[in-house]
Amino acid sequence: MEYADDADRRELLLHSAYDAQTVRDMERPLLDKGIPLMRMAAQAVAHTAAGMLDDEDLALEDSSIVLLAGAGDNGGDGLFAAAALTQEGAAVTAVAVGKSLHEAGFAEFVRAGGKVLVLDPAAEIPGCASGFSAGEAGERLQAAVSLINKSHLVIDAMTGIGIQGALRGIPAALAAAVGLDGEVPDEPALPGRESSRDYPLILAVDTPSGVGVDDGSLPGPYLPANVTVTFGAMKPCAVLPPATFGCGRIQLVDFGFTIDDVEPAVEVVDHLFASDAIRLPHYEDSKYARGVVGLVTGSQRYPGAAVLTTRAAARANTGMVRYLGPERAQNMVLASVPEAVLGKGHVQSWVVGSGVPAADAEGAGSDLQRETIAALVKHYSLTDPDTTNDEITNANDDAAYDMPPLVVDAGALDLLPDHVPGQVVITPHAGEMAALLNRLEQRLFSGEMKNDVESDSVEITNTDDTVGTVDANDAAAVSEPYTAQDVMLHPLAAARRAHELTGATVLLKGAVTIVVDEDHVYASGSAPAWLATAGAGDVLAGLLGALLAQQPDGITTAETVAAAAYLHGASAAIASESEQHGWQEPELIGGREHRQQFLTLGHPIVASDVIRAIPDAIADVIA
């Protein structure tokens, strides 16, 4: 706890998430020293529970609390917290969801006067009935559901960070009955992660039960929380979508982990991170030294995208913008941005695809923008990494690596070569990501996989968990395994797979945007929900191109891309005057709390409003 007021430590602690094994490794030295981490955790949970009830003008002695307790240490945290609440006058019933309970926690809870309801007939909990029939087990489960629905507060301590995959057994049944099943809470996005749900309030102990702790997925039934009290360090589910939306407000208990030299699984982008990607002007700068962005965006049918990408790039600290496109789009660009230059020339980055029709769109075959983009992206094509390179191949690959950064957006995604260097950035939303992965997987199956299989057939697992057998030589028989919903429920896995298959830096758009490269995962949640508006993606593409054109030395493509996503969201927050964000910084329990005194929901915006706010967002991060 001695680090709680250290500014650098606070910054690192509140913007880094660590996988479960790393957290256990950091926890072990403290446990070996006898530091009472469970007591500290329980104290924080009890304090937070009392605060949640107080916010609803409910005194502890007038409240009804249900503890859902698993058999492990997470259940122990909950039992000690429940004992403290019981001693303060609350009526607390512990629902045992497993075969046992943490021994010391259970004993203290019983001494405090708490009640226990056992759901598993095979349970071995001292003083509690077991061996009851299946019928009675069903009745007890229904009683637990009724108890939960009538309570004011539920403390969710069913599972800890050790669980893998979806909930099973009694915890799954409870979560399905009173929680959600693989879906984000359908409620307004309010500032401060406040919830519009009625009783019972749900307080998650460390992580909500049922979420993917290490990948932020929603693999099945889970309990969405109003507040999550997490211990020691944030886990990926606290920052990655969609699980982060089921965490509610996050409160972090600082155990004093040694984190300086520990690599986080996910880094959350903030002002300080984004500022590193902004190149400040130099005394002897020219417009060329400040970065030139080349844009092949918009089309005869969608000329507005040309205007939005050009305006965004021009407002994002770059020296010059070159635009290539049809005459109608050129005229609109010059009317909106007279500073833009038309035609080819030297650039430090390219942005392609925004407002360009995809291959399956009407008239795509004759679209001149697609022809231009196809010719450009060929220069970024790398040899298949599994083939043997010769001197010619090496020379071609070297040329690809020497090309300027390239942002491939929207209609250009289907023109992406099979293998590209990391300075190529792809920017799909969930639907575009599903289509891209389906195309890549189909190509992989029809090519490399077809040659590797040893038999004439291969099993393909579909999204509904059914398994079908297809002819290994019939690529057309492979059903498309990805849908937009799949990507939304497992965005990190989708982004990693896209990077693995292409080599590109991947930006997967969302309320919390994920950026993935070979070694890192970044999350940016600076945007308010008002940003979900037509043209917002075009603005992001132009902003990306601008930052990549001025990329400072020592900053990777992924870091620059993550910073651009943050500035995009921050610009939307300024434009909408909203203090609601896709991701909310945790409150640090035991340190100097960062509560805002008042929070503003804001107002609707259009994409052009975001562009006008870009300079203000840049000024904020470099201030």
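Predicted model: local features only at pLDDT ≥ 70, side-chain atom pairs only at ≥ 80, totals over all residues.

Q: Where is alanine 305 found, and with which residues is alanine 305 in contact, leaving aside its neighbours within four places in sequence?
A: Alanine 305 belongs to helix 9 (residues 304-314). With those neighbours left aside, its contacts are Thr297, Gly298, Ser354, Gly355 and Asp538. In an unreviewed UniProt entry, Ala305 and Asp538 carry the feature "binding site", as does His429.

Q: What makes histidine 429 count as partly exposed?
A: Its relative accessibility is 37%. Buried requires under 20% and exposed over 50%, with partly exposed in between; histidine 429 therefore counts as partly exposed. Histidine 429 lies in the loop between strand 17 (424-426) and helix 13 (430-452). Beyond four places in sequence, histidine 429 is in contact with Leu508 and Lys509.

Q: Which residues have the most contacts inside the largest nonpolar core?
A: They are Ile65, Leu85, Leu153, Ile155, Leu203, Val229 and Phe255, in a core of 58 residues. Helix 3 (residues 37-55) supplies the largest share of this core, 11 residues. Another core, of 57 residues, lies apart from it and includes Val269, Ala274, Tyr522 and Ala613.

Q: What does valine 229 touch, not counting residues up to four places away in sequence?
A: Valine 229 touches Ala44, Val45, Thr48, Leu203, Ala204, Val205, Asp206, Gln251, Val253 and Ile589.

Definitions and conventions. Residues numbered from 1 in each chain as written. Heavy atoms only, no water. Core = buried A, V, L, I, M, F, W, Y, C linked by side-chain atoms within 4.5 Å. Buried < 20%, exposed > 50% of the residue type's maximum accessible area, 1.4 Å probe, protein only. Helix = DSSP H or I, 4+ residues; strand = E, 2+ residues; numbered from the N terminus. Contact = heavy atoms within 4.5 Å. UniProt positions renumbered as here; feature names shortened; annotations may be inferred.
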